[in-house]
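Visitor: I would like to learn how to read a protein model feature by feature. Could you take me through one, giving the general idea before the particular case?

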Amino acid sequence: MKVNIRSKNLNPSDALVSKINAKMEKLDKYFSNDITAEIMLSEVKTGLAKLEATIKADGMIFRAEESNSDLFFCLDKVIDKLSSQMSRFKKKLIKKHKDQKEVFLAAVPDVDESIEEVNVVKTKKFALSPMTTDEAILQMELLQHNFFVFQDPDSGKANVVYKRADGQYGLLQTE
C-alpha cells in the first residue's frame with residue numbers, strides 16, 4: 001500500500017509518520033492490487049488536530065476521520081473505524097465483487113453485530129435546473145435543506161452543494 005501523507009498547519013514528527021505507515025500497511029492485506037491511502041493531518045484549532053484517511057480501491061472508498069489533541073490516538077481510532085467499515089460491509093462487498101479478485105474479502109473479519117438492510121423509504125424525481133453554485137446555495141437555503149442537486153451551466157453535468165457540519169458549504173462535481 002502506498003501511503004501519501006499531507007499536512008495543513010501542522011508538521012508531523014518522524015515517529016508519527018512511521019507509525020502511520022506501519023498501521024496502514026496492516027490494512028494492505030485486504031487488497032490484492034497496489035492501492036493508495038491518502039492521509040491528511042491538520043490542526044483544527046490550537047491544541048486540537050484532525051487525522052483523515054481515505055482508501056480508494058476499485059470503485060470502493062473507505063474513509064474515516066478523528067479529532068483529538070493526540071494524533072497517535074486519532075490514528076488508532078481511524079484504523080479501528082476503517083477495519084470496522086470493512087467488516088460491516090463485508091457481505092455487501094462480497095456480493096458486489098464476487099467475480100473479482102481485486103479485494104481479499106476473506107481476510108476481512110466477520111462482524112458480530114447484525115446489519116440491518118437499508119430500505120429506501122421515499123423516492124423523489126425532479127428536473128435539474130442549470131444554475132451557478134451561488135444560486136444553488138441560495139435555493140438550498142430557501143428550501144431549508146442540507147444539500148441541493150443542480151446542473152452546472154458550463155459543463156452541463158450534475159453537481160451537489162451541501163452544508164458542512166462546520167457551517168461552510170461543500171461542492172460535489174461529477175466527472
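Guide: What follows goes from the overall fold to a helix, a pair of strand contacts and the salt bridges. This is a predicted model, in which local features need pLDDT of at least 70 and side-chain atom pairs count only at pLDDT 80 or more, while totals for chains, interfaces and linings use all residues. Residues are numbered from 1 along each chain as its sequence is written, and side-chain values use heavy atoms, with hydrogens and water left out.

Visitor: How many helices and strands does the protein have, and in what order do the elements run?

Guide: Helices (H or I, at least four residues) and strands (E, at least two) are DSSP runs numbered from the N terminus. The protein has 4 helices and 7 strands, and from the N terminus on they run β-α-β-β-β-α-α-α-β-β-β.

Visitor: What share of the 175 residues counts as buried?

Guide: Buried means under 20% relative accessible area, exposed over 50%, and partly exposed in between, with a 1.4 Å probe and protein chains only. By that rule 30% of the 175 residues are buried. As for contacts (heavy atoms within 4.5 Å), residues 24 or more positions apart account for 40% of those with a separation of 6 or more.

Visitor: How should I read a helix such as α2, and which of its residues are buried?

Guide: An α-helix has 3.6 residues a turn, so residues three or four places apart point the same way. In α2 the buried residues include Leu71, Cys74, Leu75, Val78, Ile79 and Leu82. At the N-terminal end, aspartate 70 caps α2, with a side-chain oxygen 3.1 Å from the backbone nitrogen of phenylalanine 72.

Visitor: Which strands does β2 pair with, and in what sense, parallel or antiparallel?

Guide: Two strands pair if DSSP finds at least two bridges between them. Strand β1 (residues 2–8) runs parallel to β2 (residues 36–45), joined by 7 bridges, and valine 3 has alanine 37 in β2 as its bridge partner. On β2 and β3 (residues 48–57) the pairing is antiparallel over 9 bridges, with leucine 51 in β3 as the bridge partner of leucine 41. The hairpin of β2 and β3 has 2 residues between the strands, and glycine 47 takes a positive phi near 85° there.

Visitor: How many salt bridges are there, and which residues are linked in a network?

Guide: Side chains of opposite charge can pair when their charged atoms come close. A salt bridge is a side-chain nitrogen of Lys or Arg within 4 Å of a carboxyl oxygen of Asp or Glu, and the count comes to 8. Lys50, Glu52, Arg63 and Glu65 are linked in a network of salt bridges, in which arginine 63 and glutamate 65 meet at 2.9 Å, N to O.

Visitor: Where in the chain do glutamate 141 and lysine 163 lie?

Guide: The side chains of glutamate 141 and lysine 163 meet in a salt bridge at 3.4 Å, N to O. This pair links distant parts of the chain, with glutamate 141 in helix α4 (residues 133–143) and lysine 163 in strand β6 (residues 158–163), 22 residues apart. Glutamate 141 is partly exposed because its relative accessibility is 32%, and lysine 163 is partly exposed at 37%.

Definitions and conventions
A polar contact is a pair of N or O atoms within 3.5 Å; within protein, one must be able to donate a hydrogen and the other to accept it, and residues adjacent in sequence count only if both atoms are side-chain atoms.
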